[in-house]
Amino acid sequence: MQNAAPHISVVIVNYKVKEYIANLLNSLKKAQHDFALEIFVVDNDSGDDSVSYLKQRYPEVNYIANEENVGFGKANNQAIRQANGEFTLIINPDTLVSEDTLDVLVNHMNENPECGAAGCKILNPDGTFAPESRRSIPTIWSASCKVFGLNTLFPESKLFSQYYLSWMGEDEAGEIPVLSGSFMFWRTDLLKELDGFDERFFMYGEDIDLCYRVQKTDYRIDYVPDTSIIHYKGESTKKGDLRYIRIFNKALYQFFDKHYSARYSLFFRIFIYLAIWLKTALSFISTNLKKLKPVFADLILLNLSVALGFLIRYGIKGTNILTPEGTKYLWINLLMTVLFLFSGSLLGMFKKNKESISTALKALSITYAGVVIITFFVRNLAYSRLGLIFGFILGVIFFVTFKLISANRKDAGNVNRGRLRNSRVLLVGDAGQSADIISKIHTRPDWSYEVVGYVNVDEDDEKALGRLTQLRDLVKAYQVDQVFFALNSISYKQMLKEISNLQKEEVVFKLIPDSMDFILGKSNVEYLEAIPLVEVEFEYSKPINRLLKRLLDLGLSVPLFVLLLLVCWPAQLFSRRDWVFVDGIKLYRQIEQNKWKNRFRLLGYVISGKLSLVGAPISESVLEQSSTAKKGITGLIQISKNRIQQEEEAESFGLYYLQNYSLWMDIDILIKTIFNGPYPLEILSESEKKD
């Protein structure tokens with residue numbers, strides 16, 4: 001709290017987004033300049049440690065902790081009544097302001113005394129313009145045009161695009177009817193004269209109502225695009241939740257009932273009421289259908305595998321399925337669908353494990369096994385066993401391919417499993433901070449970020465890939481997937497400019513606040529703290545996992561060994577044997593030139609049990625933790641070598657492997673080795689040269 005009378009009162013309502021608020025408070029501090037600020041954070045019963053978390057970091061802020069969620073309008077009013085600033089900024093927690101935002105808006109208010117409230121340009125996280133930056137008062141016509149998409153089809157038409165005033169250019173200043181509730185800059189006297197928000201609106205619609213009431217005063221509302229903010233949009237609400245959809249559409253009717261109902265007959269009001277609730281139902285169905293898209297995709301793959309298995313078994317023309325005798329087998333599809341949904345639900349496949357290949361394969365295996373068992377006892381549903389085998393093989397191929405494609409989207413997250421290629425990251429920050437951040441990222445073996453380098457903002461730096469002015473070229477040259485901005489190295493204004501410049505490059509942008517303890521994305525927060533490595537029992541050491549690992553080694557190595565035997569045995573009989581020992585492994589000298597014979601020998605070592613296909617790194621500390629650990633042809637450290645810079649980091653990766661081992665992790669590492677390398681003989685060849 002400032003000792004001087006505050007110039008600006010800032011009101012923020014929090015609901016379970018403490019990290020976003022921390023980021024916003026940092027940006028407000030940089031935008032403060034000579035203004036005296038008083039900041040209010042109203043916590044709407046987040047049910048977590050939001051208040052204590054923020055108090056520890058920002059003790060100067062005024063906190064109001066509600067014991068229940070009283071809604072957006074009422075929570076804001078609690079702080080508005082205490083506001084002492086000449087101006088009051090109402091701002092959402094999931095926003096970021098530029099350094100010049102407060103300056104620009106205060107100057108505008110001082111130069112335009114008839115302006116009672118103002119807003120600025122709002123950008124989406126990808127740098128695109130957010131149309132809700134300026135809106136009109138919703139009428140039945142404008143709302144209908146929005147619902148039916150006419151405003152999107154005819155964005156330049158004043159007739160059809162009234163809702164978002166989209167005929168105005170995004171950089172065109174002017175008077176507007178409605179501001180976005182995510183950012184509203186008010187004269188405090190006017191805001192108090194209007195008695196703040198109407199508390200009958202729990203959430204949504206209260207910003208429209210408040211702006212509508214300004215029309216009855218001598219003031220106006222202005223859109224000032226000379227400064228901009230980023231809005232992450234609804235990170236504190238669950239948009240697919242029926243409760244929130246109902247609240248949103250109820251707010252629409254409340255606004256209509258409050259301001260327009262006197263103009264229309266009872267019959268028309270009932271019609272509007274029913275129309276709004278029909279929209280509620282349709283919105284809920286539409287939103288949840290989008291969530292169910294992965295489930296539908298899985299079911300299509302499942303039934304496609306069954307159908308193709310049938311066609312392969314009974315002939316590619318598939319005419320049998322069109323006969324009365326053939327159509328009865330459609331019950332198999334229904335049965336498999338039910339079994340798949342049941343097993344997938346038990347395994348968490350449709351929630352937390354949506355992209356998990358291992359979970360999909362488990363559900364697929366249970367489904368086919370269930371069909372085999374049921375059809376064995378219910379002879380009327382008997383189905384060709386060979387057809388089921390074909391279907392299962394095709395199902396494995398379909399699911400693995402589909403899940404791999406899903407896991408390797410640019411925005412698919414940072415978890416290692418399922419990603420064939422690490423997500424390539426470019427940091428924007430100075431040398432010292434970038435080194436610290438890179439070190440923190442590389443202590444997370446469970447992440448798949450590969451930092452290709454950093455870009456210095458202002459100074460020349462030999463270690464940097466380039467300067468900020470070259471960011472776009474560097475993103476293209478290094479095939480960057482994500483750009484991380486270290487916010488204590490770059491101004492918000494610069495960052496917003498760069499995000500806007502890169503919006504066509506399909507790059508994901510994330511922010512690292514001044515504290516450098518988490519990464520802030522559009523819909524998630526990733527903490528940079530290293531994982532604890534103090535567990536006593538390791539998954540790797542469990543007998544069942546060791547058995548599965550051994551079965552995997554033999555199941556893959558024996559067939560390959562037999563195939564290579566035909567190729568390599570004559571060469572071994574008639575060639576001079578010149579050996580070299582690399583890490584205790586006896587191989588033919590000139591490893592690369594004798595690669596087929598050396599591959600044969602490596603598979604022999606795996607079959608004998610001296611090596612594993614995927615090994616744990618052998619070091620004294622690892623051996624202390626697990627006496628069963630053995631070396632491997634490849635491993636987590638080998639495929640992560642671009643991310644490991646220090647010996648301590650390598651040890652963390654090794655211990656992570658032991659702690660979190662699963663059969664799928666081995667399969668995942670093998671797939672990544674096949675697609676990306678480094679290949680075992682390349683590594684051994686390098687070791688041979690050093691020796």
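**Around F399**

F399 touches D298, L301, L302, F340, M349, A360 and L364, leaving out residues up to four places away in sequence. Please keep in mind that this is a predicted model.

**F399 and its setting**

- You will find F399 in helix α15, which covers residues 385-407.
- F399 counts as buried because its relative accessibility is 1%, and the cut-off for buried is under 20%.
- F399 and D298 are 101 residues apart along the chain, yet their C-alpha atoms are separated by 7.6 Å.

**The chain as a whole**

- The protein chain has 25 helices and 20 strands.
- Of its 691 residues, 52% count as buried.
- Among contacts between residues at least 6 apart in sequence, 73% join residues at least 24 apart.
- The accessible surface of the protein chain is about 33200 Å², and 58% of it belongs to carbon and sulfur atoms.

**Nonpolar cores**

- In soluble globular proteins, nonpolar side chains tend to be buried together.
- The largest nonpolar core here has 37 residues, of which I8, I12, L28, L89, F183 and F185 touch the most other members.
- Helix α1 (residues 18-32) gives this core its largest share, six residues.
- L28 is in contact with V10, I12, L37, I39, L89 and V97, setting aside its neighbours within four places in sequence.
- Another core, of 32 residues, lies apart from it and has V42, I137, F197 and I208 among its members.

**Salt bridges**

- The whole structure holds 16 salt bridges.
- One of them joins the side chains of E199 and R81, at 2.9 Å from N to O. E199 sits in the loop between α7 (188-193) and α8 (206-214) and R81 in the loop between α3 (72-80) and β4 (87-91), so this pair ties together parts that are 118 residues apart in sequence.
- D100 forms a salt bridge with K493, with the closest N and O atoms 2.8 Å apart. D100 lies in the loop between β5 (95-97) and α4 (101-111) and K493 in helix α18 (residues 492-501), so parts that are 393 residues apart in sequence are tied together.
- D100 is buried, at 17% relative accessible area, whereas K493 is partly exposed, at 44% relative accessibility.
- D298 is buried with a relative accessible area of 2%, and K403 is buried with a relative accessible area of 2%.

Note on methods
Residues numbered from 1 in each chain as written. Predicted model: local features only at pLDDT ≥ 70, side-chain atom pairs only at ≥ 80, totals over all residues. Heavy atoms only, no water. Helix = DSSP H or I, 4+ residues; strand = E, 2+ residues; numbered from the N terminus. Buried < 20%, exposed > 50% of the residue type's maximum accessible area, 1.4 Å probe, protein only. Contact = heavy atoms within 4.5 Å. Core = buried A, V, L, I, M, F, W, Y, C linked by side-chain atoms within 4.5 Å. Areas by Shrake-Rupley, 256 points an atom, 1.4 Å probe, with all protein chains shown as cover. Salt bridge = Lys/Arg side-chain N within 4 Å of Asp/Glu carboxyl O.
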